[in-house]
Amino acid sequence: MKIILAIVHNDDNVLVSSSLMKAGFQVTKIATTGGFLMSGNTTFITGVEDDQVDTAIGIIEKYSKKRKQAIVSDIALAAGNMSSNIPAEVLVGGGTIFVLNVERFERV
Ligand code: 2BA
């Protein structure tokens, strides 16, 4: 068994979760904040059998769009953009996905 941790843009949250659940996956969602942009995103926790990992990742990939997002002032400065009053852009997403081994799984 594996745990998939998937960080997706808040705007994709509903489609990703409904599509995962429609496909039979169980999902827990956590409201999270990106350390760089400091804006909200959603982290999914999904426990899946090994042979279902690619299916779940395919669904997350399908519904997690890439977006250009403006970064300004302090954040741009920290990233090395010295003309900090000029907005810069970063490409956010689609999903950022980690797959972890599950040592033991119990429902008690
Ligand atoms: P944030 O940390 O808010 O990052 C948003 C986007 O800003 C990133 O998109 C990336 O394009 C850019 N970015 C992040 N750090 C940067 C830096 N030091 N310099 C320049 N640009 C930077 P994504 O890579 O798609 O990441 C989206 C969100 O996924 C992140 O939001 C963070 O919450 C999470 N994430 C991404 N990689 C991660 C990792 N290795 N570990 C934990 N969380 C991660």
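In which helix is asparagine 13 found? Asparagine 13 is found in helix α1. Helices here are DSSP runs of H or I with at least four residues, strands are runs of E with at least two, and both are numbered from the N terminus.

This is a predicted model, in which local features need pLDDT of at least 70, side-chain atom pairs count only at pLDDT 80 or more, and totals for chains, interfaces and linings use all residues. Residues are numbered from 1 along each chain as its sequence is written, and side-chain values use heavy atoms, with hydrogens and water left out.

**Overall fold**

The protein chain has 3 helices and 6 strands, in the order β-α-β-β-α-β-α-β-β along the sequence. Of its 108 residues, 29% count as buried; buried means under 20% relative accessible area, exposed over 50%, and partly exposed in between, with a 1.4 Å probe and protein chains only. The chain exposes about 7,100 Å², of which carbon and sulfur atoms supply 54%. Accessible areas come from the Shrake-Rupley method with a 1.4 Å probe, and for residues only the protein chains shown count as cover. Among contacts (heavy atoms within 4.5 Å) with a separation of 6 or more, 69% join residues 24 or more positions apart.

**Ligand site**

The shell around the ligand consists of Ile7, Gly34, Gly35, Phe36, Leu37, Asn41, Val90, Leu91, Val92, Gly93, Thr96 and Phe98. A residue is near a molecule if one of its heavy atoms lies within 4 Å of it. By class, the shell holds 7 nonpolar residues, 5 polar and no charged. Ala, Val, Leu, Ile, Met, Phe, Trp, Tyr, Cys and Pro count as nonpolar, Asp, Glu, Lys and Arg as charged, and the others, Gly among them, as polar. Strands β5 (88–92) and β6 (96–101) each supply at least two residues of the shell, and β5 gives the largest share, 3 residues.

| Protein atom | Ligand atom | Distance |
|---|---|---|
| Leucine 37, polar backbone atom | oxygen | 2.8 Å |
| Glycine 93, backbone N or O atom | oxygen | 2.6 Å |
| Threonine 96, polar side-chain atom | oxygen | 3.5 Å |

Taken alone the ligand exposes 750 Å², and the protein buries 53% of that.

**Backbone features**

Glycine 93, which has a backbone atom 2.6 Å from a ligand oxygen, is joined to glycine 94 by a cis peptide bond with omega of about -5°. Glycine 94 is in the loop between β5 and β6. Methionine 38, in the loop between β2 and β3, has a positive phi of about 55° although it is not a glycine. Most residues other than glycine have a negative phi, and most peptide bonds are trans. Methionine 38 is exposed, at 56% relative accessible area.

**Salt bridges**

The structure holds 2 salt bridges, each a side-chain nitrogen of Lys or Arg within 4 Å of a carboxyl oxygen of Asp or Glu. In one, arginine 67 pairs with aspartate 12, with the closest N and O atoms 2.8 Å apart. Because arginine 67 lies in strand β4 (residues 67–71) and aspartate 12 in the loop between β1 (2–9) and α1 (13–22), the pair ties together parts that are 55 residues apart in sequence. Arginine 67 is buried at 18% relative accessible area, and aspartate 12 is buried at 2%.

The other salt bridge joins the side chains of glutamate 106 and arginine 104 at 2.8 Å, N to O. Glutamate 106 is partly exposed at 47%, and arginine 104 is exposed at 65%.

**Other residues**

Threonine 43 sits in strand β3 (residues 40–48) and is buried, with 11% relative accessibility. Its side chain makes a polar contact of 2.9 Å with the side chain of threonine 32. Beyond neighbours within four places in sequence, threonine 43 is in contact with Ala6, Ile7, Thr28, Lys29, Ile30 and Thr32.

Asparagine 13 is buried at 16% relative accessibility. Leaving out residues up to four places away in sequence, asparagine 13 touches Val8, Lys29, Thr42 and Phe44.

Alanine 23 lies in the loop between α1 and β2 (28–33) and is partly exposed, with a relative accessible area of 44%. Alanine 23 and alanine 56 are 33 residues apart in sequence and 8.4 Å apart in space, C-alpha to C-alpha.

Definitions and conventions
Polar contact = N/O pair within 3.5 Å; in protein donor to acceptor, adjacent residues only side chain to side chain.
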